[in-house]
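Subject: Structure handover and notes

Dear colleague,

I am passing on the structure below, together with notes on what was found in it. Please read the notes with the coordinates open beside them.

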Amino acid sequence: MPGVAQIPGENVRARAFVKKIILLRIRRVERTPDVMERFHMAPMAEITTPALRRAIRRYSHGAVLYSEMLSAGAIAAGSSMNREMSARHDFDDPFVFQIVGAKPAVMAAAAARLAEQGCRAIDINMGCSAPDIMKTGGGAALLADPPRAREIVRACRSAAPCGLTVKMRSGYERTDLPALLDFARMLQDEGVNAITLHGRHAKLGFRRTADWSAVRAVKERLSIPVIGNGDIDAAETAVRRLRESGCDGVMIGRAAVQAPWIFALCDALVGGGHVVRDIDIEAVFVDVLEGIRDFLEEKYHRSRGHRFCFYFCQNVHFSHELFRTIRRESAIDAMIALVRGYFARNPHERVKTVRAGA
Ligand SMILES: Cc1cc2nc3c(=O)[nH]c(=O)nc-3n(C[C@H](O)[C@H](O)[C@H](O)COP(=O)(O)O)c2cc1C
């Protein structure tokens with residue numbers, strides 16, 4: 001560090017100390033936990049709050065839940081700002097922490113810290129295409145920098161005594177299948193336990209439809225589990241994608257915000273059964289908003305409340321009108337009052353019957 005005098009031998013001693021801790025941690029772990037389950041809730045910034053995770057867990061014991069994307073720099077520095085975002089709750093099992101960053105040592109330090117809380121895996125974000133993340137070299141920018149991606153995986157692998165997964169897109173500027181397969185094999189060789197592939201390259205954002213043939217190709221060539229992701233809009237689609245692509249699991253994002261019960265439908269369908277359920281839309285709406293209020297500090301209420309409502313309002317007929325009024329509010333209790341008012345005016349919309357299977 002500039003201006004700080006280095007004590008001779010300090011670096012060597014520090015490195016030996018870190019190495020010793022890592023070796024002790026590795027020895028403590030008898031086996032890497034099984035990271036695989038069939039259905040995964042996609043990590044989503046400002047959306048996968050403890051409140052939404054709790055709602056999903058009420059419908060499915062098995063769905064793998066993910067934290068919001070956590071800045072490795074902030075976690076490694078022990079920033080108090082991230083305490084609530086990185087807290088793990090009793091319903092968070094199976095659970096994965098997702099980290100984002102571009103510096104191997106910082107990513108490793110964050111992975112080690114988070115792993116101490118107990119989790120199925122640490123997931124490295126190699127898929128985020130937001131310009132502010134990519135310009136730091138993190139997220140999907142790592143797809144264009146395989147040597148750095150390898151260093152990050154290697155560092156995290158030695159630091160985190162739990163599963164290690166990578167969530168990635170099918171490419172940076174285009175989907176180049178041979179390059180994608182090389183990249184995925186590199187991850188596997190470095191000890192990653194599973195890969196989630198969103199079948200769009202980073203420059204596409206959310207345009208066009210997800211390319212599930214890329215998921216299938218990666219699955220066919222890797223021995224580790226592959227989780228497919230992109231445009232799953234219903235339980236039937238999830239199960240069809242599983243079968244057609246041969247992948248080991250599917251990850252659901254936007255559709256699970258609108259329908260946190262989708263995992264219950266998936267569980268029933270994949271077991272060959274069918275399910276019909278009455279969902280109290282108002283109760284789920286209020287439950288998640290109250291969770292945002294109770295689990296998170298007030299400064300997060302507006303962003304998290306609005307993000308959730310944007311998707312969940314799609315369950316009601318006058319969704320635009322309801323969301324437009326909610327967007328004017330910053331306090332969760334005011335959003336709840338609008339939701340209650342909506343269902344008082346439209347009681348026939350309170351309960352929705354959902355079904356999957358024959
Ligand atoms: C609002 C929003 C935020 C997202 N944030 C993240 C994130 O923090 N980390 C990540 O890996 N992917 C993130 N994604 C991408 C999703 O995890 C997922 O890959 C994508 O939405 C495609 O899945 P879907 O079609 O089922 O929604 C985000 C997506 C959305 C819509």
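Leu-269 is buried, because 21 other C-beta atoms lie within 10 Å of its own; here a residue is called buried if 20 or more other C-beta atoms lie within 10 Å of its own, exposed if 12 or fewer, and partly exposed in between, with C-beta atoms placed from the backbone. Leu-269 belongs to helix H11 (residues 262-270), where helices (H or I, at least four residues) and strands (E, at least two) are DSSP runs numbered from the N terminus. Leaving aside residues up to four places away in sequence, Leu-269 touches Ala-235, Glu-236, Val-239, Ala-356 and Gly-357, a contact being two residues whose C-beta atoms, placed from the backbone, lie within 7 Å. The C-alpha atoms of Leu-269 and Ala-238, which are 31 residues apart along the chain, are separated by 9.4 Å.

Two conventions apply throughout. Residues are numbered from 1 along each chain as its sequence is written. This is a predicted model, in which local features need pLDDT of at least 70 and side-chain atom pairs count only at pLDDT 80 or more, while totals for chains, interfaces and linings use all residues.

On confidence, pLDDT (the predictor's confidence in each residue, from 0 to 100) averages 91 over the protein chain, and 90% of the residues score at least 70. Over residues 1-10 pLDDT stays under 50, and the model has zero contacts beyond four places in sequence for them. Over residues 20-34 the pLDDT is also below 50, although this stretch has 11 contacts in the model beyond near neighbours in sequence. Where pLDDT is low, the predicted coordinates should not be read in detail.

As for the chain overall, its secondary structure comes to 15 helices and 10 strands, and 47% of its 358 residues count as buried. Among the contacts with a separation of 6 or more, 71% are accounted for by residues 24 or more positions apart.

The sheet comes next. Eight strands form an open sheet with parallel pairing, in the order S1-S8-S7-S6-S5-S4-S3-S2, two strands being paired if DSSP finds at least two bridges between them. Strand S1 (39-41) and strand S2 (65-71) stand at the edges with a single partner strand each, so one side of each is left without a neighbour in the sheet. From one strand to the next the twist averages 25°, with axes taken as lines fitted to C-alpha atoms, for helices over the stretch in contact, and angles running from 0 to 180 degrees between N-to-C directions. Helix H9 (residues 235-245) packs on the sheet, where H9 touches S1, strand S7 (226-229) and strand S8 (249-252), and the direction of H9 makes about 140° with that of S8. Within the sheet, strand S4 (residues 121-126) and strand S5 (residues 163-169) pair in the parallel sense over six bridges, and Ile-124 has Val-166 in S5 as its bridge partner.

In helix H13 (residues 301-312), by contrast, the residues listed as buried are His-301, Arg-304, Gly-305, Phe-308, Cys-309, Tyr-311 and Phe-312. They cover an arc of only 165° around the axis, which puts them on the same side of H13; the arc is that of the directions from the helix axis to the C-beta atoms. These buried residues pack against helix H2 (50-59), helix H10 (254-258), helix H12 (281-295), helix H14 (319-326) and helix H15 (332-345).

Finally, some backbone details in loops. The peptide bond from Asp-93 to Pro-94 is cis, with omega near 0°, and Pro-94 lies in the loop between H3 and S3. Glu-46, in the loop between S1 and H2, has a positive phi of about 65° although it is not a glycine. Arg-208 is likewise not a glycine and has a positive phi of about 55°; Arg-208 is found in the loop between strand S6 (194-198) and helix H8 (212-221).
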